[in-house]
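Student: Can we walk through this model together? Start with the ground rules, then the fold.
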Amino acid sequence: QAPRQDDPLLQDAVWYFDGSMFDGRWKVFRATGFGIVVTSVDGHLLGFGRGSPPAWCRTAAAAEAWALHIVLDLCPFPPAMRTDCLPLLPTAEAGTASASAANKQRARVWRLIAGSLAGDVTSLSQALVWMPAPNAQYSLGKKLSSGARLTVVDWRANRLVDALAKSAS
């Protein structure tokens with residue numbers, strides 16, 4: 001049975017997402033993938049998934065932006081989100097016009113993200129939080145972009161979403 005939108009577990013859920021690229025040295029063999037993990041605040045795993053972005057998402061950063069698009073497409077309002085892709089935050093802060101400008105590498109996916117946010121990507125500033133990449137075991141306790149400290153739940157969810165993204169690429 002699927003959880004209801006008013007379920008307390010979903011109201012405080014945190015969505016983790018990641019993108020990955022395999023065989024980046026050889027353009028013809030490049031493959032990208034993404035992963036999504038949803039946990040409750042107290043660490044219960046509520047859901048997870050992985051997928052492949054469109055062929056035009058040819059970098060790990062593009063796959064990560066695609067994962068953000070998928071999360072926003074699945075949720076009626078931007079949920080609490082965590083990413084280890086720092087460039088997503090300043091891109092969102094710069095606004096829709098800048099993020100989707102013709103000279104920007106990931107403009108195509110940012111236009112889709114903007115569509116999920118009624119045209120305003122700056123609205124992500126409250127929901128989207130950067131966290132250290134999962135490869136650093138010593139990252140526990142380090143600060144997130146929100147000022148909060150990285151928890152064991154954050155670290156474990158980020159390791160899982162990283163593995164999902166890699167297995168999808």
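Tutor: Terms first. Two strands pair if DSSP finds at least two bridges between them. Helices (H or I, at least four residues) and strands (E, at least two) are DSSP runs, numbered from the N terminus. This is a predicted model, where local features need pLDDT of at least 70, side-chain atom pairs count only at pLDDT 80 or more, and totals for chains, interfaces and linings use all residues. Residues are numbered from 1 along each chain as its sequence is written, and side-chain values use heavy atoms, with hydrogens and water left out.

Student: OK. What is the bridge partner of Trp-15 in S4?

Tutor: Met-81. S1 and S4 pair in the parallel sense, over 3 bridges.

Student: And what stands opposite Trp-130 in S5?

Tutor: Thr-83 does. S4 and S5 are also joined by 3 bridges, in the parallel sense.

Student: In what order do the 5 strands of the sheet come?

Tutor: S3-S2-S1-S4-S5, as an open sheet with mixed pairing. S3 (45-51) and S5 (128-130) each have a single partner strand, so one side of each is left without a neighbour in the sheet. On average, neighbouring strands are turned by 20 degrees against each other, direction ignored. Axes here are lines fitted to C-alpha atoms, for helices over the stretch in contact; angles run from 0 to 180 degrees between N-to-C directions.

Student: Do S2 and S3 run parallel or antiparallel?

Tutor: Antiparallel, with 6 bridges joining S2 (residues 31-39) to S3.

Student: Which strands does helix H2 touch?

Tutor: H2 (residues 60-74) packs on the sheet and touches S1 (14-22), S2 and S4 (80-83). Contact means heavy atoms within 4.5 Å. The direction of H2 makes about 150 degrees with that of S1.

Student: Where does H6 lie?

Tutor: Across S1, S2, S3 and S4. H6 covers residues 152-168 and runs at about 150 degrees to S2.

Student: How many salt bridges does the structure hold?

Tutor: There are 2. The criterion is a side-chain nitrogen of Lys or Arg within 4 Å of a carboxyl oxygen of Asp or Glu. One of them joins Asp-154 and Arg-82, at 3.8 Å, N to O. Asp-154 sits in H6 and Arg-82 in S4, 72 residues apart.

Student: Switching to voids. How are they defined?

Tutor: On a 1 Å grid over the protein atoms alone, a cavity is a set of points where a 1.4 Å probe fits but cannot get out. A pocket is an open set with protein on both sides within 12 Å along at least five of seven lines, and lining residues have an atom within 4 Å of a point. Grid points are joined across faces, edges and corners, and a volume is the space filled by probe spheres set on the points.

Student: Which element gives the most to the lining of the second largest pocket?

Tutor: H6, with 5 residues. That pocket holds about 170 Å³. Its lining includes Val-37 and Thr-39, plus Arg-156 and Leu-160.

Student: What is the volume of the largest cavity?

Tutor: About 40 Å³. Ala-61, Cys-85, Pro-87, Leu-88, Thr-91, Arg-106 and Trp-110 line this cavity.
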